[in-house]
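Here is a short briefing on the structure shown below.

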Number of protein chains: 2
Amino acid sequence: MACSFYFTVLSLCYLPLLFRATVGSSDQQTVVVQSNHIFKIAIFADLHFGEDAWTDWGPEQDVNSLKVMSSVLENESPDFVVYLGDVITANNIPIANASLYWDQALSPTRSRGIPWASVFGNHDDAPFEWPIEWFAAPGIPPLLCPVQNSSYSILGQECSFRGTSRLELMKNEMDNNVLSLSRTGPEGLWPGISNYVLPVLSNDKPLVHLYFLDSGGGTYPEVVSTAQADWFKRVSEEINPDGRVPELVFWHIPSKAYRKVAPKFRLHKPCVGSINKEKVAAQEAEMGIMKILDKRPSVKAVFVGHNHGLDWCCPYRKLWLCFARHTGYGGYGNWARGSRILQINDHPFSISSWIRMEDGSVHSEVILS
Amino acid sequence: MACSFYFTVLSLCYLPLLFRATVGSSDQQTVVVQSNHIFKIAIFADLHFGEDAWTDWGPEQDVNSLKVMSSVLENESPDFVVYLGDVITANNIPIANASLYWDQALSPTRSRGIPWASVFGNHDDAPFEWPIEWFAAPGIPPLLCPVQNSSYSILGQECSFRGTSRLELMKNEMDNNVLSLSRTGPEGLWPGISNYVLPVLSNDKPLVHLYFLDSGGGTYPEVVSTAQADWFKRVSEEINPDGRVPELVFWHIPSKAYRKVAPKFRLHKPCVGSINKEKVAAQEAEMGIMKILDKRPSVKAVFVGHNHGLDWCCPYRKLWLCFARHTGYGGYGNWARGSRILQINDHPFSISSWIRMEDGSVHSEVILS
């Protein structure tokens, strides 16, 4: 069988839960991943499209970020992509519809026909931050504000400084992309959006469950809430009651547990990675998610972005806590760009990970199961 | 003549400037102030309507603030009111149209037929700030979101967390109130709104020019910009070329010059006031306005709010720098509430000021000219 993996997205926001592995049914988004008992994910973290959108420098960085993604996708041919938040630097985007930038970030994946899922980072729905130097002489520079039909208009017309809400961004992504498996998540978890689970099926059997959580920031505090933790617990116990299916968790901002395992100076075993250049910038509070993950043996690893100068995986009790690799040319830091790759093998089962750099090199391979 | 003061508002946002003292003309908003050679202004500062809007405590504070304003208006019978910013605590208001709260703050003045002008403070256009404790158990409390037709709806319906823009707030005020002399200000000074001048006429002659400036905060930095300073210079030189008309300036956040004159511990002469309970929370940068005001002998005083624990006037070179008095029960601090009163006498010319407290008492009288 050429297509051994059926990759199915299910609407698990509300009970009763559905769990069907149908392919191509009209009421269920379903993607068939072409692969040979290997399911491979590329994580694109902190792309920061739209950074300094009013300068020449900013759009150049976006072009560079497109090149990074293309390089990774060509070298790895993943079955799936995770956009791990800070897709855009919304606080630099002076237009009403920041989805125009968000959409650019999706384009290398979309153009290759690869399905993806995205979660929000703290920069994605931030309102515009006016640079204070614009209030001194010589004042506000002319702002070119792209509008839908590719024309431009100046400050006061199509420009807007209020940001685009998470809900708008996600709906725009979902409405315009058949390859997007992202979800807005249960309304009961709002203002957090992007809370959902994607079961991955291999030969009609569950291979792994991918959980996506919104770790906040931007318009609301940087936390994974108690309500989100409770939702994870309820859903995971419901669709994976005996814990036989391994679970991976993706969100943007490291939890405080990352601070506990962070190497003090040089990276050393049991941690695996290549850069440890800054302190963990953790969430504001721990509201219960880590306790729940830790108690659930089926949870194998958590993946976050946010810290551009960290790319390690470290064990935390029976879990792995991993950083992605800064993928975008937007955002602080000049460490070389790359992408954390995850590979889930079916026979025998294993989860491995490494980092693929823009220049094609590979490093920091680690076994996570 | 019973009405000796003609109070006229002129559209001075764009050149060529108009300067006409017509009363009741259809193309010019004009107010005749009933007074006997005395023009009296009450300053309502930091009312903070809508604070903790989802609690019982919050709306009670708004009722208390209405009582303060009513007491001051009954005791002083001013000809004019200045709303000196932080009219609302927008970062606590979970509805799309924060003008519903803004309008409550205007009501005691409007119901007495008194004209007014308003400027923005840092809290007026702030987006909603989600309390972090809402993300722990027991979660987000039920939010009652008042809508225009006095009904309520719960989170997700009429609730909104994006704030109401300065422009919307000001347009709503102007469109719905014939007594409002507020203006949105020249577009060239945006995102700062509320940049305008009101000439006050006595017996068809200019008595005083009231300048209103937006000192920012909320959605953009806390500054009076170079562009605003240039605008003030240009307009004041144009409508008052020989500096014969005294000028008073109103904005919300104290400039850095306030720090220089602030009494270190106890209040003492030449400063006049009753409380000196905190450090001056000044603007982020000085972009030129103070130099321009200082060089212009016709400018007599600047009035700001923002610091609820300060109510003094201190001389700064040839100017007076004055704080208003915290008027609202919203906002931090429990110092007794009151209002700074300004009185401009025509014959002989003088500008005096005092503070009228909620309980009717008066203190801190000072001559500012």
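Does Cys271(B) count as buried or exposed? At 9% relative accessibility, Cys271(B) counts as buried; buried means under 20% relative accessible area, exposed over 50%, partly exposed in between (1.4 Å probe, protein chains only). This is a predicted model, where local features need pLDDT of at least 70, side-chain atom pairs count only at pLDDT 80 or more, and totals for chains, interfaces and linings use all residues. Residues are numbered from 1 along each chain as its sequence is written, chains are lettered from A and ligands numbered from 1 in the order in which they are written, and side-chain values use heavy atoms, with hydrogens and water left out.

**Disulfides**
- The whole structure holds four disulfides over all chains, each a pair of cysteine sulfur atoms within 2.5 Å.
- In chain B, the sulfur atoms of Cys271(B) and Cys314(B) are 2.0 Å apart.
- The torsion about their S-S bond is about 115 degrees, so the disulfide of Cys271(B) and Cys314(B) is right-handed.
- Cys314(B) counts as buried at 0% relative accessibility.
- In chain A, Cys271(A) pairs with Cys314(A), sulfur atoms 2.0 Å apart, and both are buried.
- Cys313(A) and Cys322(A) also form a disulfide, at 2.1 Å between sulfur atoms.
- Cys313(A) and Cys322(A) are both buried.

**Cavity lining**
- Residues lining the largest cavity include Asp46(A), His308(A) and Arg325(A); a cavity is a set of points on a 1 Å grid over the protein atoms alone where a 1.4 Å probe fits but cannot get out, and lining residues have an atom within 4 Å of a point.

- Pro348(B) counts as exposed, at 67% relative accessibility.
- The C-alpha atoms of Pro348(B) and Ser225(B) are separated by 36 Å.

Notes: 1 Å grid on protein atoms, 1.4 Å probe; cavity = no way out; pocket = protein on both sides within 12 Å on 5 of 7 lines; lining within 4 Å.
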